[in-house]
Amino acid sequence: MNKKTGGSFAAKHGRESAAVIGPAVREKLQLEAIAGQLACADAFQLAAELQQSPAEIGKAADLLGIRLVKCQLGLFGYAPEKKMVRPAETVDRALEDAIRAGLQDGRLTCRLAWELAERFQIPKMRVSAACEALSVKVRPCQLGAF
């Protein structure tokens, strides 16, 4: 359930999205989901395993009513507060410059946040903590969660 659709995650994909989920994807998602939830890291692992894009796995999870949790950037799927990332106390100037240079419509994409973590050899959550400190929203999610 979500606020935007007032019902199911599948509804956000619209009626025309009566997309057929491949049997291998369906089976793996149903096997990997625990209590109707699938962690972000597990979704990415499935995407690689099944040679699907993360967005396709996220959409299939939505259509199957599987809730995505434990965002690797700490932005969603944590109880009880939903997100676990907190603003960084300080942000390295080079990281700040890279974040600001990568903004699209004032936001940093999830994909670019991951790329910056790799480039700066820091944990992904450190990039999202920097974004929180800089009041930069990370969007869109590679899985389509936000």
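## Overall picture

Of the 146 residues in the chain, 38% count as buried, where buried means under 20% relative accessible area, exposed means over 50%, and partly exposed lies in between (1.4 Å probe, protein chains only). This is a predicted model, in which local features need pLDDT of at least 70 and side-chain atom pairs count only at pLDDT 80 or more, while totals for chains, interfaces and linings use all residues. Residues are numbered from 1 along each chain as its sequence is written, and side-chain values use heavy atoms, with hydrogens and water left out.

## Fold of the chain

The chain contains six helices and four strands, taken as DSSP runs numbered from the N terminus, with helices being H or I runs of at least four residues and strands being E runs of at least two. Along the sequence these elements follow the pattern α-β-α-α-β-α-β-α-α-β.

Among contacts (heavy atoms within 4.5 Å) between residues at least 6 apart in sequence, 69% join residues that are at least 24 apart.

## Salt bridges

Side chains of opposite charge can pair when their charged atoms come close. The whole structure holds six salt bridges, each defined as a side-chain nitrogen of Lys or Arg within 4 Å of a carboxyl oxygen of Asp or Glu. One of them joins Glu49 to Lys28, with the closest N and O atoms 2.8 Å apart. This pair links distant parts of the chain, since Glu49 belongs to helix H2 (residues 40-49) and Lys28 to helix H1 (residues 23-32), 21 residues apart. Both partners are partly exposed, Glu49 having a relative accessible area of 43% and Lys28 one of 24%.

Within helix H4 (residues 93-101), Arg93 and Asp97 lie four residues apart, about one turn of the helix, and their side chains meet in a salt bridge at 3.4 Å, N to O. Arg93 is exposed at 54% relative accessibility, whereas Asp97 is partly exposed at 38%. Arg100 and Glu96 form another salt bridge, at 3.1 Å from N to O, and these two residues are also four apart in helix H4, about one helical turn. Arg100 is partly exposed at 40%, but Glu96 is buried, with a relative accessible area of 16%. Salt bridges that share partners join Arg93, Glu96, Asp97 and Arg100 into one network.
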